Amino acid sequence: MEKYIPDVYQKSIYTIDYPKLKDRGIECLLFDLDNTLVPASIKVSNEKIKDLFKELKEKGFDVYIFSNSPKSRVKVFADELEVNYCASACKPFKFKFEKLLYENDYNVSEVAIIGDQLLTDVLGGNLVGITTILVNPISPKDFFLTRIPRTIEKIILRKLRNYDLFTLGKYYD
Ligand SMILES: [Mg+2]
């Protein structure tokens, strides 16, 4: 069950204490796209994300969009936000995470994944050994392929809460 517990849990990408991450040695931030940056139905970014990403880059972070969505969707956001990207990331599988770490010469202690799903973002990140940051999903409406994982996620969340390991709404960093 530990593989499903995020290192940090925040309400949204806007409430994360990024300077604190920097102090912990994080150099590279991997952002999930769907329901982390925008709802799955939205095809363009917005000023709020642009401002945040600009600020993060100014702080010296290497920023990526790391998404299971196809390149046709992910590249639009990456171009608009002027960040790197990895599409069809196959989270929770480790290989695309490991490829990115290897190619950029990052240690696991220098990279964090930020996403809204326990079964993809948190599990994948924990399997690789990078820092995992869970945020609440932006929209309750999921892309249809995400509905089954969400049902499994509910079961996992119930177990985690029963063992007093993780509770929704109890934020920490
Ligand atoms: Mg997501």
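**Around helix H2**

Mentor: Helices (H or I, at least four residues) and strands (E, at least two) are DSSP runs, numbered from the N terminus. This is a predicted model, where local features need pLDDT of at least 70, side-chain atom pairs count only at pLDDT 80 or more, and totals for chains, interfaces and linings use all residues. Residues are numbered from 1 along each chain as its sequence is written.

Trainee: What unit do E2, H2 and E3 make?

Mentor: A right-handed β-α-β unit. Right-handed means that, with the strands pointing away from the viewer, the path from the first strand over the helix to the second runs clockwise.

Trainee: Which way do E2 and E3 run, and how many bridges join them?

Mentor: They run parallel, joined by four bridges; strands pair if DSSP finds at least two bridges between them. Leu-30 has Tyr-64 in E3 as its bridge partner. E2 also pairs with E5 (residues 111–115) in the parallel sense, where Leu-29 has Ala-112 as its bridge partner.

Trainee: New topic. Are the E2 residues buried or exposed?

Mentor: Cys-28, Leu-29, Leu-30 and Phe-31 are all buried, meaning 20 or more other C-beta atoms, placed from the backbone, lie within 10 Å of the residue's own. Cys-28 and Leu-30 point one way, Leu-29 and Phe-31 the other.

Conventions. Buried ≥ 20, exposed ≤ 12 C-beta atoms within 10 Å, placed from the backbone.
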